[in-house]
Amino acid sequence: MTQTILVILAIAAGMSIAIQASINAMMGQLAHNTFLSLTIAFTISALFSALALWGFSERTSITFFSLPWYFWLIAAIFTCFGVGTMYFLIPKLGVGQVMAYALAGQLIGAMIINHFGFLGNTAIALNSYRLIGACFLIAGVFLINMGARQ
């Protein structure tokens, strides 16, 4: 795939996260229970993922069973915390504000992970360009959120 197609897919994935988070936050409000919405969304997602896995069963099942159990546990904890917290916050702050803060947190976390090469990622040292970019990103997040308050 060309770089342009990959960038478009990444943007579409980001947009889908904003849409699904908004829908699930609304469902949590209507059900008066954020965790019920989270559980139903994860259950249906697991079913769709299982169907996709079934299509690639032999190659991926070997990988699944060869990974340590604690990888799955840690991934599940971070997924539940991240998604569940967003479902909880969206009705209180609005999807734009939550997504802006979440994006800032994701990029700051990613820069730290890359700098140290954590979790099997390629080490990419922090430099002045990356730090200036992070500062602009954080400034942009605060400007977006200040505009939402007026």
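Good morning. The structure I shall present is a predicted model. Let me begin with the overall picture. The protein contains six helices and zero strands, and from the N terminus on its elements run α-α-α-α-α-α. Taken along the principal axes, the C-alpha atoms fill a box of roughly 50 × 45 × 30 Å. Of the 150 residues in the protein, 15% are buried. If we take the contacts between residues at least 6 apart in sequence, 57% of them join residues at least 24 apart.

I turn now to helix α2, which covers residues 34-55. This helix has 22 residues, and the distance from its first C-alpha to its last is 32 Å. That is close to the 32 Å expected at 1.5 Å a residue.

Which residues of α2 are buried? They are Ser37, Leu38 and Ala41. Seen down the axis of α2, these buried residues fall within an arc of 90°, so they line one face of the helix. The covering over them includes α1 and α4. On the face turned away from the buried side, α2 carries the exposed residues Phe35, Leu47, Leu51 and Trp54.

Let us look at one of these buried positions in detail. Ser37 lies in helix α2, and its relative accessible area is 4%. Residues under 20% count as buried, and Ser37 is therefore buried. With what is Ser37 in contact, leaving aside its neighbours within four places in sequence? The residues are Asn24, Met27, Gly28 and Tyr87.

The next topic is the pair formed by α1 and α4. Helix α1 comprises residues 3-31 and helix α4 comprises residues 69-93. Their axes come within 8 Å and cross at roughly 80°. Angles of 65 to 115 degrees count as roughly perpendicular, so α1 is roughly perpendicular to α4. On the α1 side, the contact is made by Gln20, Ala21, Ser22, Asn24, Ala25 and Gln29. On the α4 side, Tyr87, Ile90 and Pro91 take part. By class, this contact of α1 with α4 has five nonpolar, four polar and no charged residues.

Helix α4 also packs against α5, at an angle of about 130° and with the two axes 7 Å apart. The helices α4 and α5 are therefore oblique to each other. From α4, the contact involves Met86, Leu89, Ile90 and Leu93. From α5, it involves Val95, Gln97, Val98, Met99 and Ala102. By class, the contact of α4 with α5 has eight nonpolar, one polar and no charged residues. Please note Ile90 of α4, which is named in the contact with α1 and in the contact with α5.

Finally, I come to helix α5 itself, residues 95-116. How far apart are its end C-alpha atoms? They are 31 Å apart, which agrees with the 32 Å that 22 residues should span at 1.5 Å a residue. The buried residues of α5 are Gln97, Val98, Met99, Ala100, Ala104, Met111 and Asn114. Among them, Gln97, Val98 and Met99 also belong to the contact with α4. Just after α5, Gly117 takes a positive phi of about 70°.

To summarise, this is a protein of six helices and zero strands, in which α4 packs with α1 at roughly 80° and with α5 at about 130°. Thank you for your attention.

Methods:
Residues numbered from 1 in each chain as written. Predicted model: local features only at pLDDT ≥ 70, side-chain atom pairs only at ≥ 80, totals over all residues. Heavy atoms only, no water. Axes fitted to C-alpha atoms, helices over the stretch in contact; angles between N-to-C directions. Helix = DSSP H or I, 4+ residues; strand = E, 2+ residues; numbered from the N terminus. Parallel < 35°, antiparallel > 145°, perpendicular 65-115°, else oblique. Contact = heavy atoms within 4.5 Å. Nonpolar A, V, L, I, M, F, W, Y, C, P; charged D, E, K, R; others polar. Expected span 1.5 Å × (residues − 1). Buried < 20%, exposed > 50% of the residue type's maximum accessible area, 1.4 Å probe, protein only. Arc of directions from axis to C-beta.
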